[in-house]
Amino acid sequence: MKKKRTVLTTAEQIVAYWEEAGPSELDMGCDWADALDHCWRCGVKRSLQRCHIIPHQDPHNGPDVPENLVLVCSWCHKEAPCCDDPNAMWEWIKRTRSDVAGSIWAARVIEEMERQTGKTRDVLFQGIDYLPTEFWNLYQDIRAKRTGLHPGDFVTTAAWACIETLRGLAARRQSITS
């Protein structure tokens, strides 16, 4: 069994390095003030992982030093470029960052809802100008009682739960008008 590597560089060291040497906050999903607990790409406040700019695996052997690490959530880490181009990571973050925390994931969930149902977002959300508290309460209930979590399946599961939530709201509205 392969032993898990320990990265000795701390999150604080990574933030300090990049805040001094690095990109503008405008090119990231969070501000430097939030960089220790918000993903640098999607801006969501989550547990962060140290992501290598140059991969640590053979043949690249990227070092565990602040200038070769960024802090991203597990979802973004799975999508991060894994190549020997030292510019690829920052280009990816800049090109795909969220202007609003989590908006990347909201857009992905809606795209997945369209794939799962074969309906456009306009049809799916017809008659809903905003997502009321009732939607979020029902969604959280469905997520808690009817879903699990496989690594990397957030978008698919969240889309399914949103579809079920919309169905539940439609059924409630139908029973009220009947």
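Begin by selecting E19, E20, E25 and D31, which form a negative surface patch (Asp and Glu count as negative, and patch residues have over 30% relative accessible area and no salt bridge, with like charges joined within 9 Å). Within this group, E25 sits in the loop between α1 (11-21) and β1 (49-52), and E25 is partly exposed at a relative accessible area of 33% (buried means under 20%, exposed over 50%, partly exposed in between, with a 1.4 Å probe and protein chains only).

This is a predicted model, in which local features need pLDDT of at least 70 and side-chain atom pairs count only at pLDDT 80 or more, while totals for chains, interfaces and linings use all residues. Residues are numbered from 1 along each chain as its sequence is written, and side-chain values use heavy atoms, leaving out hydrogens and water.

Turn next to the salt bridges (a side-chain nitrogen of Lys or Arg within 4 Å of a carboxyl oxygen of Asp or Glu), of which the whole structure holds 9. Select E112 and R115, whose closest N and O atoms are 3.1 Å apart in a salt bridge; E112 is buried at 14% relative accessible area, whereas R115 is exposed at 58%.

Now select R172 and E134, another salt bridge, with the closest N and O atoms 3.4 Å apart. This pair links distant parts of the chain, R172 lying in helix α7 (residues 154-177) and E134 in helix α6 (residues 133-146), 38 residues apart.

Finish with R146 and E164, where the closest N and O atoms of the salt bridge are 3.5 Å apart.

Conventions. Patch = residues over 30% accessible without salt bridge, like charges linked within 9 Å, V, L, I, M, F, W, Y side chains within 5 Å. Areas by Shrake-Rupley, 256 points an atom, 1.4 Å probe, with all protein chains shown as cover. Charge placed at Lys NZ, Arg CZ, Asp CG, Glu CD. Helix = DSSP H or I, 4+ residues; strand = E, 2+ residues; numbered from the N terminus.
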